[in-house]
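Subject: Structure handover and notes

Hello,

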Amino acid sequence: MPAFGDGIDDEVREGVTTWIAFEDDAALTLAQDALVSKLRVYMYGRLAEQKAGLHDLFALPITLEGMSLFAP
């Protein structure tokens with residue numbers, strides 16, 4: 001049986017992108033805590049819908065749908 005980490009590509013370069021999370025989203029608190037603690041975070045999302053109007057404010061806005069935290 002494969003291990004969970006077998007499906008994660010270790011060669012992906014780290015980068016910076018802009019993510020949008022609504023203030024009542026529980027994942028937002030987890031993401032903030034992880035980033036302050038300098039933990040590795042894998043985020044999953046999709047482009048915001050055009051009708052949300054976020055495209056007028058951000059280039060290719062990504063809305064947060066889920067995340068995985070990796071801690072030592």
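Which residue just after H1 takes a positive phi? Lys38 does, with a phi of about 60°. Lys38 is a residue other than glycine, and it is found in the loop between H1 and S2. Lys38 counts as exposed, at 77% relative accessibility. Here buried means under 20% relative accessible area, exposed means over 50%, and partly exposed is in between, with a 1.4 Å probe and protein chains only.

Some ground rules come next. This is a predicted model, in which local features need pLDDT of at least 70, side-chain atom pairs count only at pLDDT 80 or more, and totals for chains, interfaces and linings use all residues. Residues are numbered from 1 along each chain as its sequence is written, and side-chain values use heavy atoms, with hydrogens and water left out.

Confidence

pLDDT is the predictor's confidence in each residue, from 0 to 100. The average over the chain is 76, and 88% of the residues score at least 70. Among the elements, H1 has the highest mean pLDDT (82) and S1 the lowest (76).

Overall layout

The chain has one helix and three strands. Helices (H or I, at least four residues) and strands (E, at least two) are DSSP runs, numbered from the N terminus. Read from the N terminus on, the order of elements is β-α-β-β. Of the 72 residues in the chain, 17% are buried. Contact means heavy atoms within 4.5 Å. Of the contacts in the chain with a separation of 6 or more, 59% are between residues 24 or more positions apart.

The sheet

The three strands form an open sheet with mixed pairing, in the order S1-S3-S2. Strand S1 (19-20) and strand S2 (40-47) stand at the edges with a single partner strand each, so one side of each has no neighbour in the sheet. Two strands count as paired if DSSP finds at least two bridges between them. S1 and S3 run parallel and are joined by two bridges; Ile20 has Thr63 in S3 as its bridge partner. S2 and S3 pair in the antiparallel sense, over eight bridges. Opposite Tyr42 stands Ser68 in S3, and opposite Arg40 stands Phe70 in S3.

The helix

Helix H1 (residues 26-36) lies across S2 and S3, and runs at about 50° to S3. For that angle, axes are lines fitted to C-alpha atoms, for helices over the stretch in contact, and angles run from 0 to 180 degrees between N-to-C directions.

Which residues of H1 are buried? They are Ala27, Ala31 and Ala34. Seen down the axis of H1, these buried residues fall within an arc of 65°, so they line one face of the helix. The arc is that of the directions from the helix axis to the C-beta atoms. The buried residues of H1 pack against S2 and S3, while Ala26 and Val36 are exposed on the other side of H1.

Ser37 is in the loop between H1 and S2 and counts as partly exposed, at 47% relative accessibility. Ser37 and Ala71 are 34 residues apart along the chain, and their C-alpha atoms are separated by 9.4 Å.

Leu64 belongs to strand S3 (residues 62-70). Is Leu64 buried or exposed? Leu64 is buried, because its relative accessible area is 11%. Leaving aside neighbours within four places in sequence, Leu64 is in contact with residues including Trp19, Ile20, Ala27 and Met43. Leu64 and Gly45 are 19 residues apart in sequence, and their C-alpha atoms are 4.6 Å apart in space.

The salt bridge

How many salt bridges does a search of the whole structure find? The search finds one. A salt bridge is a side-chain nitrogen of Lys or Arg within 4 Å of a carboxyl oxygen of Asp or Glu. The partners are Glu49 and Lys51, with 3.6 Å between the closest N and O atoms. Side chains of opposite charge can pair when their charged atoms come close. Lys51 counts as exposed, at 75% relative accessibility.

Regards
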